[in-house]
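Colleague: I have a model open and would like to learn how to read it. Could we go through it feature by feature?

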Amino acid sequence: MSTPSPPSQDIHFRQVSKSFGDIHAVKNISLRIPHGQLYGFLGPNGAGKTTCLRMLLSIILPDSGEITLFGGATAWDLRDEIGYLPEERGLYKRMKVLEHLKFLAELKGKTAKEAEPRIMKWLETLDLADRCQDKVMDLSKGNQQKIQFIGALAHDPKLLVLDEVFSGLDPINAQQIRALLMQLKEEGKTIIFSTHIMEHAEQICDGICLVHKGQCVLEGPLDDLKRHHGNNRIRIEHIGDIAFLKEKPYTASLRSRGNESELRIHDGHEPEEVIKDLLEANIKLRTFQLANPSLNELFMEMVEHPSEASMQEVTNA
Ligand code: ATP
């Protein structure tokens with residue numbers, strides 16, 4: 001007799017929608033966040049990222065669709081195993097740092113004694129151990145943000161949900177938090193965060209959901225998405241004028257600066273067609289390279305030409 005397979009540890013959104021009056025904040029989003037991943041909800045202000053995270057946490061409920069965590073549970077069932085950094089920060093400013101963090105851990109079912117070593121470890125890692133007896137209000141904004149981040153971790157959750165975690169951090173602190181998120185992933189935690197700054201996500205995300213006007217316009221493993229879109233983008237270093245490529249049926253766009261050009265070709269065409277035309281025109285090639293787009297470029301592409309972009313093309317849902 002075969003043993004039943006263990007329930008999936010992944011997080012699933014299935015056709016999730018949410019409106020606030022006339023505002024369709026989230027429209028029919030389906031996706032899968034594999035267990036142990038660093039996953040980013042990305043998009044501009046007002047795109048629907050916070051609404052997705054709040055539904056994931058059961059703070060608000062979807063109008064339709066379903067969200068399940070770790071094999072079928074809801075966030076409400078798992079509340080003590082989730083750490084949440086809300087976009088609207090809420091620290092008791094008159095409390096001392098260590099006292100505050102122990103209090104947050106106690107709210108999530110840990111004893112202060114149990115939580116203290118872990119809290120001190122994080123304070124040391126974030127260069128704040130010497131401030132542990134200071135009042136929260138005496139810390140800079142960036143340091144308060146780091147305290148709130150430790151607050152989300154203090155009870156050792158298995159899922160971390162961080163809304164705009166990099167907000168208010170200078171580049172050095174942002175880098176410190178990125179390194180920590182990578183470390184937490186290595187420890188086996190699932191980490192979901194939102195940001196409108198693509199560079200943060202680019203450096204650390206395994207998977208992304210790009211949200212635009214409530215819709216998921218791009219979803220899946222970041223490497224796959226870049227590779228897929230990279231096939232259409234060619235960087236060329238050449239000797240000779242290649243403006244004639246603009247007239248070719250495969251050309252979507254051509255940008256040139258001196259002898260360096262970036263050519264984008266339409267789906268259904270191959271880079272070999274371009275090479276053939278260049279050689280026939282006696283253009284000498286120094287480099288001819290398929291170029292993966294940056295996340296920022298992908299974002300601009302999906303938002304500016306949503307009709308050309310296939311919706312949710314690399315979806316795992
Ligand atoms: P930001 O990066 O600015 O935080 P976001 O991507 O997180 O944006 P949401 O906060 O999810 O976006 O908002 C999506 C849309 O839903 C916006 O138009 C917002 O004004 C609206 N919205 C969100 N929450 C509410 C609410 N409680 N009542 C009314 N409208 C809301």
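**Helix packing and the ligand site**

Modeller: Start with a pair of helices and the side chains that join them: Arg118, Trp122 and Leu123 of helix 3 meet Ile147, Ile150 and Leu153 of helix 4. Keep in mind that this is a predicted model.

Colleague: What classes of residue make up the contact of helix 3 with helix 4?

Modeller: That contact divides into five nonpolar residues, no polar ones and one charged.

Colleague: At what angle do helix 3 and helix 4 pack?

Modeller: The angle is about 145 degrees, and the axes of helix 3 and helix 4 (residues 141–153) are 10 Å apart. The crossing of these two helices is right-handed.

Colleague: Now the other neighbour. How do helix 2 and helix 3 cross?

Modeller: The axes of helix 2 (residues 97–107) and helix 3 (residues 112–125) come within 9 Å and cross at roughly 125 degrees. That makes helix 2 oblique to helix 3. The crossing of helix 2 and helix 3 is right-handed.

Colleague: Which residues make the contact between helix 2 and helix 3?

Modeller: Helix 2 supplies Val97, Leu98, Leu101, Lys102, Ala105 and Glu106, while helix 3 supplies Ala112, Ala115, Glu116, Ile119, Met120 and Leu123. By class, there are nine nonpolar residues, no polar ones and three charged in the contact of helix 2 with helix 3. Leu123 of helix 3 takes part here and also in the contact with helix 4.

Colleague: And what is the angle between helix 4 and helix 5?

Modeller: Helix 4 and helix 5 (residues 171–186) pack at about 10 degrees, with their axes 12 Å apart. An angle under 35 degrees counts as roughly parallel, and helix 4 and helix 5 are therefore roughly parallel to each other.

Colleague: Which residues of helix 4 and helix 5 meet?

Modeller: Lys146, Phe149 and Leu153 of helix 4 meet Asn173, Gln176, Ile177, Leu180, Leu181 and Leu184 of helix 5. This contact has six nonpolar, two polar and one charged residues.

Colleague: Is the atom of Ala47 that lies 3.0 Å from a ligand oxygen in the backbone or the side chain?

Modeller: For Ala47, a backbone N or O atom lies at that distance. With Asn45, by contrast, an N or O atom in the side chain is 3.2 Å from an oxygen atom of the ligand.

Conventions: Residues are numbered from 1 along each chain as its sequence is written. This is a predicted model: local features need pLDDT of at least 70, side-chain atom pairs count only at pLDDT 80 or more; totals for chains, interfaces and linings use all residues. Side-chain values use heavy atoms; hydrogens and water are left out. Axes are lines fitted to C-alpha atoms, for helices over the stretch in contact, and angles run from 0 to 180 degrees between N-to-C directions. Helices (H or I, at least four residues) and strands (E, at least two) are DSSP runs, numbered from the N terminus. Angles under 35 degrees count as roughly parallel, over 145 as roughly antiparallel, 65 to 115 as roughly perpendicular and the rest as oblique. A crossing is left-handed if the near helix is turned anticlockwise from the far one by less than a right angle, and right-handed if clockwise. Contact means heavy atoms within 4.5 Å. Ala, Val, Leu, Ile, Met, Phe, Trp, Tyr, Cys and Pro count as nonpolar, Asp, Glu, Lys and Arg as charged, and the others, Gly among them, as polar. A polar contact is a pair of N or O atoms within 3.5 Å; within protein, one must be able to donate a hydrogen and the other to accept it, and residues adjacent in sequence count only if both atoms are side-chain atoms.
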